[in-house]
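Reader: I would like to go through a structure by its computed values, one question at a time. Please show the sequence and the structure before we start.

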Amino acid sequence: MEKITLASQLLQYFITGLTVGSVYAMVAVGFNIIYNVTEIINFAQGEFVMLGGLIMVFLHVAMGLSLILAFPATIVLVTLIGILIDRLAIRPIRCPSVLTLIIATIAVSIIIKGTASFIWGKNPFDLPAFSGRNPINILGAVIQPQYFWVIGFLVVTAVALSIFFDRTIMGKAMSACADNPNAASLVGINVKQMVLLSFALSAAIGAVAGITITPISLMEYDRGAMLAVKGFGAAILGGLGSFPGAILGGLIMGSIESFGAGLISSGYKDAFALIVLLVILFFKPSGLMGSVEISRIKRF
Amino acid sequence: MTLKRISVIITICFFAIGLLVGQANALEGSYKVGAVFSVTGRASFLGDPEKKTVEMLAEKINATGGIKGKKLELVIYDDEGDATKCNLAVEKLITRDKVCAVIGPSLSGPSLAVISVAEKYETPLVSCAASYKIVYDEKTGKPYKWVFKTPQSDSMAVEAIYTHLKNRGINKIAIMSVTSGFGASGRSELIRLAPEFNMNIVADEKYGPKDTDMTAQLTKIKGVAPAAIVNWSIGPTQVTVTRNWRDLGMAGITLYQSHGFGSRKNIELASGAAEGVFCPLGACNIAELLPANHLQKSVTMDYMKNYMAKHNEPLSSFGGHSWDALMLVVDALKSVGCDKAAIRNYIENQKGFVGQHGLFSFSPDDHNGLTKDAFKMVIVKGDDWALVD
């Protein structure tokens with residue numbers, strides 16, 4: 001077989017990094033939505049991704065539902081789980097401090113993971129790729145069609161969210177809660193409802209990430225934690241609370257991992273991403289797109 | 001009142017029936033065998049089939065008259081893949097449950113951690129983990145007195161792969177490994193044995209056990225163009241590697257997987273990408289491919305049929321390790337009864353025991369009892385294994 005040129009290799013690293021980074025970005029966006037409204041870090045964020053993948057496998061592969069039906073059905077189911085988490089684990093806590101709520105989300109993630117291992121067992125599951133598995137060759141780099149789906153859904157999510165937050169009353173109300181919950185409730189916004197909505201939205205985004213990545217990497221019950229860590233890193237890198245920051249952070253994390261693994265050493269690729277994260281935080285403590293003023297008034 | 005009385009009578013009747021039924025099946029006395037597996041946690045894919053296998057075997061043994069008229073009683077604990085919990089579990093099995101012998105644990109780390117417990121209480125322990133260090137005391141250069149293990153060592157799998165590569169005239173290879181205990185141990189054996197087989201390792205790539213994509217590592221390997229890749233991992237990553245390898249159009253570079261690939265589930269998950277992949281497997285993974293006169297044919301076919309009928313899932317090689325461990329102990333119990341020292345001596349002198357993963361011949365210098373012949377080289381052909389010779 002012919003030797004691959006350096007340029008094609010670089011292109012390959014870039015595209016792989018972008019794909020993996022898109023998933024991190026979606027997880028990071030999920031973190032931000034909940035953080036903005038409640039100031040808590042939802043440690044069950046990775047479990048939404050896992051649930052998205054596994055429920056999709058169940059509906060599409062086991063139940064035989066078509067892709068077009070199974071996709072929204074999965075999102076709805078995971079969204080319902082997100083709503084349940086808020087109603088059962090977050091809202092009932094009396095006199096909540098940010099720390100208690102964060103600990104509650106850790107408990108939730110353990111429960112979800114345990115339940116998933118009972119329902120699906122411990123084996124990984126596969127999902128057929130949305131548009132086949134015939135790779136496309138671009139300038140010597142090989143690209144799975146599924147990569148485009150992952151990147152495409154990140155774009156769709158980003159566009160939909162920016163429309164939601166900038167153009168709809170509901171979105172504006174949520175942004176208001178993010179800025180100042182007390183003032184928001186004074187002008188008649190139901191803050192509790194907004195918290196519920198934030199859990200629903202970030203569950204839905206997590207589900208999208210899970211559904212699109214499963215055909216590439218398979219999915220099993222304990223995959224969530226690792227994705228949550230990477231997504232959290234991406235959210236911090238971009239500036240906690242900033243949506244463009246989350247997306248940028250995710251893509252940077254993915255690219256650094258991919259280039260680091262390819263050009264330097266694959267054994268230390270996670271370390272490269274963390275080193276870059278530390279360096280950036282050293283020069284800009286609020287993250288790439290975060291603002292120091294906002295982070296000062298937050299409790300966490 | 002009457003309702004209450006009726007319900008009491010009915011309850012008593014149920015108890016009586018239960019006692020009668022129990023009486024009818026009861027065997028006089030019992031032999032207790034302890035087991036520790038990682039049934040939950042990070043290594044549950046090992047512990048789960050191991051537990052199912054020994055439970056299935058115990059059920060069958062007790063239904064067919066037990067061991068010399070005595071019941072085989074299994075006491076199974078879950079160590080969750082944790083060395084500390086494993087240590088406590090083994091100690092509890094020996095001191096509280098008073099078992100005749102212990103089988104397990106599933107992982108190499110916990111196995112190494114419980115050697116001292118087995119030695120201290122002078123109880124035979126048959127581990128289901130792979131590392132050669134479990135049965136090799138570096139101080140004396142001999143096996144530990146009370147510890148045995150059934151899985152083939154990593155070095156045997158490496159030898160089987162390197163022999164196959166050598167026969168094909170290949171010496172420029174790339175290696176890939178997962179950054180877990182399994183991958184690290186395989187990697188160090190691959191590097192240690194390379195000079196002996198004249199292998200030139202041109203790339204040494206790694207990835208995490210939960211990584212989503214290995215395209216970057218494979219692209220780098222593609223750049224240095226070796227003649228073969230040897231990948232050492234377990235779990236979903238080995239499937240992702242196989243798929244990425246196929247997608248990148250690297251079929252010209254033969255892919256060798258470790259014995260960790262030994263489940264048909266992996267071929268299924270790779271959805272066509274595994275075609276042409278080589279890997280070394282124990283006999284129990286390829287029972288139906290073995291020739292009819294093969295010594296392991298009947299035991300492996302038997303195990304496969306029973307397991308698949310009972311659990312409705314494909315066989316993995318790990319259940320075979322616990323099969324070997326339990327049956328070695330049962331065989332000893334049949335001959336010498338529950339006498340720890342006699343069980344130990346019996347297993348140490350066991351020759352030609354027909355197990356799932358090979359013919360075990362133990363000796364005072366070898367507490368594993370297998371050679372590299374315990375691995376057969378197979379290739380994935382038409383979504384199934386095919387023997388290579």
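Reader: Among contacts in chain A between residues at least 6 apart in sequence, what percentage join residues at least 24 apart?
Author: The model is predicted: local features need pLDDT of at least 70, side-chain atom pairs count only at pLDDT 80 or more, and totals for chains, interfaces and linings use all residues, while side-chain values use heavy atoms, without hydrogens and water. Residues are numbered from 1 along each chain as its sequence is written, and chains are lettered from A and ligands numbered from 1 in the order in which they are written. Contact means heavy atoms within 4.5 Å. Of the chain A contacts between residues at least 6 apart, the share joining residues at least 24 apart is 73%.

Reader: Why does Ile75(A) count as buried?
Author: Buried means under 20% relative accessible area, exposed over 50%, and partly exposed in between, with a 1.4 Å probe and protein chains only. Ile75(A) counts as buried because its relative accessibility is 18%.

Reader: What is the radius of gyration of chain A?
Author: Chain A has 12 helices and 2 strands, in the order α-α-α-α-β-β-α-α-α-α-α-α-α-α. The radius is taken over C-alpha atoms, and the globule rule is 2.2 Å times the number of residues to the power 0.38. For 300 residues the rule gives 19 Å, and chain A is close to this, so it is as compact as a globular protein of that length, with a radius of gyration of 19 Å.

Reader: How many of the 10 residues of helix H7 of chain B are buried?
Author: Helix H7 of chain B covers residues 215–224 and is mostly covered. Its buried residues include Leu218(B), Ile221(B) and Lys222(B). The number buried is 8.

Reader: How far apart do the C-alpha centres of domain 1 and domain 2 of chain B lie?
Author: Domain 1 is 30–152 + 300–372 and domain 2 is 154–281, with bounds from an automatic or database domain assignment. In chain B, 13 residues of domain 1 are in contact with 12 residues of domain 2. The two centres lie apart by 29 Å.

Technical notes:
Helices (H or I, at least four residues) and strands (E, at least two) are DSSP runs, numbered from the N terminus.
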